[in-house]
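Open your viewer and get ready to select. We will go stop by stop.

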Amino acid sequence: MGDDSSSGEVVFTFDPDAAGQKAALRAFADEKRFAAQTYVAVAPEGLDPCDLRLQRGDGAVRALMENKNPMFEFVIDQRLKDFDLGSVEGRAGALRAAAPIVADIRDPSLRPGYVRVLARRLGLDMPEVQAAVERAARGADRAEQRENARVAEPAPIAVSVTMASLPNTRDVALERGAMMAFLQYGHRIDPDVFLRALQLPFGHPALEAVRSSLASTDLSQPGWAVAAVEAVREPFRSLAAELLTAEFPARTEEDAVASANDLARGLLVRELQREKDELLRGIQRVPPDSEEGRRLRLRLRELDADRQRLIAS
C-alpha cells in the first residue's frame, strides 16, 4: 500500500485450488475494511505463491502481481462459474447471484462500470442488469434495517406457528396443502413431479422451513416424513408435526392421492407462470428480431408446453 491508503493497493494471493478460491471469497467479505483498491492474484499451474517464488524466482511473483484482477471482478466471476450462461434460466440465476456483489460496491463511481462488466459477462442489456442491482441494494438496505431493529430491541419470545395462524391467502393455502400432501402422501405422488416441486422455495417462512427440511431428508429411508419433521428448526417444528398428522381433506384414499398430485403440479404451474411473467417483461426490453428476443420466445413456448403437460397429466 502507498502512503495514502485511499490510492494504494491491496493484492490478495491465494492457492489456485478450491480451498484457495474459498479463501478469496472470505477475503472479499472483509474488503470493506480497506480504503485502498483490492485485487486478487492467483498463481498458475497449481503453484501457490510461495512455491512460485521458490521455483521461478522473484520475477514470476512480480509478473503474478502485474496480472492481478480487481477483487469485485474476481468475485463476480466466481459467482457466475456454476451457471449455464447459454440458457435463459442460467443467466437469470447468475444475475440474481451476482447482482448483490455489484450492489455492495461502496464507491458510487465504480458501480456503473461493474454493472457494465456484469452485463457483458451475461450477455444482457444494461437496464435489466441495473434493475437487478438496484433490487439487490434495496433488499440489502431492508435487511440492514431489520438487523439494526433486532439489535436495538429485546429479542421476542419464539411463538410456535400453527396451521390456523397461517395467513389466508391463495399462495399460502397452496403451500400449506402441498406440505400436507408431501408429508402424508409423498410416497404416492408421481416421483418426477414430487421431486421437482419439492425443490421450489416457498414464500411463507414457516412453510419454507418445513419444505427445506423435507428437501434435505433422505427419502429412501423408512420413516423419512417423521425424520423431516424432527429436523425442522424451532419455532416451526410444531407446525410440521401438525401438517404430518392433520386429517387430509379428502373423502377417500384415492381422492387424497389425486389431490396430492394436483397440489404438487400446482406448485410447478405457479413457478412456470412466474418465469413466464419474467420472460414477458424481458421481451419488452429487447428488439423482437434480436437473438435474445428469439431465445426468450422459444423459452416461452417451452414453458407453455410444460404447463400444458402438467395440466393434462
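Start with Arg211. At 8% relative accessibility, this residue counts as buried, because buried means under 20%. Keep in mind that you are looking at a predicted model.

**Stop 1: around Arg211.** Colour the helix it belongs to: Arg211 sits in α10. Which residues does Arg211 touch, not counting residues up to four places away in sequence? Show Met179, Leu198, Gln199, Leu200, Pro201 and Phe202. Now zoom in on Leu200. Its backbone oxygen is 3.3 Å from a polar atom of the Arg211 side chain.

**Stop 2: helix α8.** Select residues 170–185. This helix, α8, has 16 residues. From first C-alpha to last, α8 reaches 21 Å, close to the expected 22 Å. Is α8 mostly covered or mostly uncovered? It is mostly covered: 12 of the 16 residues of α8 are buried. Among them are Leu174, Met179, Met180, Phe182 and Tyr185. Glu175 and Gln184 are also on the list of buried residues. You have already met Met179, as a residue that Arg211 touches.

Next, show what surrounds α8. Its buried residues pack against α9 (191–198), α10 (205–215), α11 (224–231), α12 (237–245) and α13 (253–283).

**Stop 3: a cis bond.** Move to the loop between α11 and α12, where Pro235 lies. Select Glu234 as well. The peptide bond from Glu234 to Pro235 is cis, with omega near 10°. For background, most peptide bonds are trans.

**Stop 4: Leu95.** Jump to helix α5 and pick Leu95. Buried or exposed? Leu95 has 6% relative accessibility, so it counts as buried. Leaving aside neighbours within four places in sequence, Leu95 is in contact with Leu118, Leu122, Leu124, Glu128, Val129 and Ala132. Now try a distance. Click the C-alpha atoms of Leu95 and Ala119: they are 8.8 Å apart in space. Along the sequence, Leu95 and Ala119 are 24 residues apart.

**Stop 5: the largest pocket.** Here is the idea behind this stop. Rolling a probe the size of a water molecule over the atoms shows where empty space is left. The largest pocket has a volume of about 980 Å³. To find its centre, select Ala92, Arg96, Arg274, Glu275 and Glu278, which lie nearest to it. In total, 34 residues line the pocket.

Which helix gives the largest share of the lining? That is α13, with 9 residues. Colour α5 (88–103), α7 (126–152), α13 and α14 (291–312) too, as each supplies at least two residues of the lining. Then colour the lining by type: 17 residues are nonpolar, 2 are polar and 15 are charged.

**Stop 6: Gln273.** Stay on α13 and select Gln273. Its relative accessibility is 30%, so Gln273 counts as partly exposed. The C-alpha atoms of Gln273 and Asp304 are separated by 8.9 Å. Along the chain, these two residues are 31 apart.

**Zoom out.** Show the whole protein as a cartoon. Its secondary structure comes to 14 helices and 3 strands. Of its 313 residues, 39% count as buried. Last, think about contacts between residues at least 6 apart in sequence: 68% of these join residues at least 24 apart.

Definitions and conventions
Residues numbered from 1 in each chain as written. Predicted model: local features only at pLDDT ≥ 70, side-chain atom pairs only at ≥ 80, totals over all residues. Heavy atoms only, no water. Helix = DSSP H or I, 4+ residues; strand = E, 2+ residues; numbered from the N terminus. Expected span 1.5 Å × (residues − 1). Buried < 20%, exposed > 50% of the residue type's maximum accessible area, 1.4 Å probe, protein only. Contact = heavy atoms within 4.5 Å. Polar contact = N/O pair within 3.5 Å; in protein donor to acceptor, adjacent residues only side chain to side chain. 1 Å grid on protein atoms, 1.4 Å probe; cavity = no way out; pocket = protein on both sides within 12 Å on 5 of 7 lines; lining within 4 Å. Points joined across faces, edges and corners; volume = space filled by probe spheres on them. Nonpolar A, V, L, I, M, F, W, Y, C, P; charged D, E, K, R; others polar.
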